[in-house]
Amino acid sequence: MTPPRIPAHGAEPGVSRRRFLCVCAGVGLGAAACDHGPPARPPRTGDGGHRPDAERDAPGTPDWRITSQGPPDAIVGYTDRVSVTPGQEVGLSVSTTAASFRVSAFRVGWYGGALARRVWTSPPVRGRVQRAPGFRPKTRTVFADWRRTLALDTATWPEGAYLLRLDAATGHQRHVPLIVRSVRGTGRTVLLHAPATWQAYNRWGGSSLYAGPTGSYETRSLAVSFDRPYDSDGAEKFRVYEWAAVVLAERLGIPLAYTTGLDVHTDPAVLDGAAAVVCLGHDEYWTPEQRAHVTRARDAGTNIAFLGANTCFRRIRLQPGTGADDRTVVCYKSAYRADPCYAAQPALVTADFRAGPAPDPESSLTGVLYEGYPVDAPYVVNSSGHWLHEGTGVRAGDAFAHLVGVEYDRVTPTPETPRLLEITAHSPLVCAGRPSHSDSAYYTVPSGAGVFASGTMRWVEALVAGSDELGRDHGMDARTRAFVTRTTENLLRAFAEGPAARHRPAPLPNCPDFYAT
C-alpha cells in the first residue's frame, strides 16, 4: 500500500497576532505566553532554501510540548532520514494502539518566547500497530523496518531544527526530531546537531551501544540503527543537550545554518565560508571524515565552539540500514579487535579516537580531552577579564555550583594540545575518588579561527537552569543561568563576525600555570 502524501499547508487559521514578550537581562531564554498567527510563507535564500533568520520574530505556538507520554507502545515513530533540505520528501513510520493520530511539525526557535512554531499539521491518520522489532545477532542490532505511514512534503518548511509531534486520539504523544538542513553556510553560524550520539544512547527495543536487554555492557549493540524510534519521549537527547542553544542562537538574530554530523560526513559543503560551527551539548560520536572536514573548516578561518564535553570521543563508521545508506552507526568500542576493519583498515576501526590501532586524540581539535564520569562540581572562573566574560561581572575564583557535570574535559599538556591556548576556567573536582580539574579553554590558529570548549556537559542545560523546562537542573540556579547565557551570547556574537583572532584579543597561553609540561 502506498502511503498518503501529505501536502504542506498552514495549520493555524487566523489567530490574533498579539504576543507577550518577557526577556530579562541574563535570564536565559526568557519566558512568555504567546498567541500564534497564521504562518507566513518564509523568504527564500539564494540557494532555494528558506531564510531561518526571518523566523525569529514570527508568531509562535506555545502548545508544542508533550503533556502525556503514555505507555511505551501508545504511539512511536521514526523518519527515514535524519535530515532533509527544504522541499525534500521525508517518510514517517508510526506505530500506535490508538485508532487514529495526527502529526504536527514544530520548528524550534525564539518566536517571542513561545520557543517553537507549528508550520504544518496533518489530517487524522488511521492508526495501526506495526510489527515487532527485528534483530541482527552478529552486531546485536535492533531495527524496526516498519511500513511507511506518511510521506511529508517540506516545501514550505524553513531550515531549522524540528520536533514532529505524534498526537494519538487517546491523548498520548511522542516527539520525533528532524533537521531541515541548510545547503550553504557561507557567512553563517552553522549549528551542528548530533544524531549519531542520540542513536548511540537509544535503548528502544532493548539495546544501545551501552547495554543490551539485560542492562549488561557485554551484550550491548555493536551497531545501532536509525530505522527505529527513539526511547523516552522521542527526542530526549535533542531536548536536553541541544534545544536551548538553538533557541538562544535564534533569539540573537545572527545568521544561522543547520546541519548534522552525518551530513558533514557525507557533504561538508555547508562548512565552506561559514563564520562558525557550533557543536552542541553532547556530540560524542564522530566519523573520521566528519572530524577531518570540521578541522579543515577551522584551518580555513571558521570559528568552532564546543558547548559540551566528551566531544569527538568515539570514532564511528556509517553503514546502510534496511532501505538507505548511512542508517547504521557502528562502534565496537573496547571490542575493537573484533571490528571487521581491524586488520585491513586500522584508521576506520571504531575504537576511541585516542586509542589504537590508529590513535588520534580529540584534543588536537577541541583543545581539551575527555577525562571522566560521573561528576558534580562547581565551575570556577579563571580568566575573569577574558572577552568571553564581558558583562558577566565575574571575578577570578567565582564559582557556579553544579555547572561541571555529568561528564567533563580538561586540558592535557601533550603534543596534540594547541599551543596558543588559554584556560578560562579551572574547576577542581573529584571523580571516582580521584582529584582532577575540568577546564574551559580558548585557542586560536593561524587562519584566525578561534576555538572555545566549555569542558562540561551541562553548559547547554544551564541556559534554562532554575526553570522547570527540562524537569531537572542538577541544582543549578538563576545566577548560573545568567552567567552561562551572557558568556554564550558573547561567544556566538563574536564568532558570527568571522575569524575571532582578527577582532578579539588573543588568548594568553597559561597551561604551564596549571599543568607541568
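**Helix packing, sheets and local backbone features**

Helices α2 and α6 are oblique to each other, where angles under 35 degrees count as roughly parallel, over 145 as roughly antiparallel, 65 to 115 as roughly perpendicular and the rest as oblique. The model is a predicted one, in which local features need pLDDT of at least 70 and side-chain atom pairs count only at pLDDT 80 or more, while totals for chains, interfaces and linings use all residues. Residues are numbered from 1 along each chain as its sequence is written, and side-chain values use heavy atoms, with hydrogens and water left out.

Two packed helices are described by the angle between their axes and the distance between the axes. For α2 (residues 236–252) and α6, the angle is about 60° and the axes are 11 Å apart; axes are lines fitted to C-alpha atoms, for helices over the stretch in contact, and angles run from 0 to 180 degrees between N-to-C directions. From α2, Leu248, Ala249, Arg251 and Leu252 take part, and they meet Thr485, Thr488, Glu489, Leu492 and Arg493 of α6, contact meaning heavy atoms within 4.5 Å. By class, the contact of α2 with α6 comprises four nonpolar, two polar and three charged residues. In this scheme Ala, Val, Leu, Ile, Met, Phe, Trp, Tyr, Cys and Pro count as nonpolar, Asp, Glu, Lys and Arg as charged, and the others, Gly among them, as polar.

Helix α6 (residues 478–496) also contains Thr480. With a relative accessibility of 1%, Thr480 counts as buried (buried means under 20% relative accessible area, exposed over 50%, partly exposed in between; 1.4 Å probe, protein chains only). Apart from neighbours within four places in sequence, Thr480 is in contact with Phe400, Ala401, Leu403 and Ala462.

Overall, the protein has six helices and 26 strands; helices (H or I, at least four residues) and strands (E, at least two) are DSSP runs, numbered from the N terminus. Of its 517 residues, 59% count as buried. Among the contacts with a separation of 6 or more, 74% are made by residues 24 or more positions apart.

Seven strands form an open sheet with mixed pairing, in the order β15-β13-β16-β18-β26-β25-β24; two strands pair if DSSP finds at least two bridges between them. At its edges are β15 (256–260) and β24, each of which pairs on one side only. From one strand to the next, the twist averages 15°. Within this sheet, β18 and strand β16 (residues 276–279) pair in the parallel sense over four bridges, with Cys279 opposite Phe306 of β18. Strand β26 (residues 450–453) also runs parallel to β18, joined by three bridges, and Ala305 stands opposite Phe452 in β26. In a regular strand the side chains alternate between the two faces of the sheet. Both faces of β18 are covered, with Asn303 and Ala305 buried on one side and Ile304 and Phe306 buried on the other. Strands β24 and β25 pair in the antiparallel sense over 10 bridges, and Arg434 in β25 is the bridge partner of Cys431.

A three-strand open sheet has the order β14-β21-β20, with antiparallel pairing. Strands β14 (223–225) and β20 (317–319) stand at the edges with a single partner strand each, so one side of each is left without a neighbour in the sheet. Neighbouring strands of this sheet are turned by 25° against each other on average, direction ignored. The antiparallel strands β20 and β21 are joined by three bridges, and Leu318 stands opposite Val329 in β21.

Asn310, with phi near 70°, lies in the loop between β18 (303–306) and β19 (314–315). Asn310 is buried, at 0% relative accessible area. Ala432 has a phi of about 55° and belongs to the loop between β24 (421–431) and β25 (434–444). Ala432 is exposed, with a relative accessible area of 78%.

Cis peptide bonds were also examined. One joins Gly356 and Pro357, with omega about 10°; Pro357 is placed in the loop between β21 (328–330) and α5 (363–366). The peptide bond from Gly405 to Val406 is likewise cis, with omega near -25°, and Val406 is found in strand β23 (residues 399–410).
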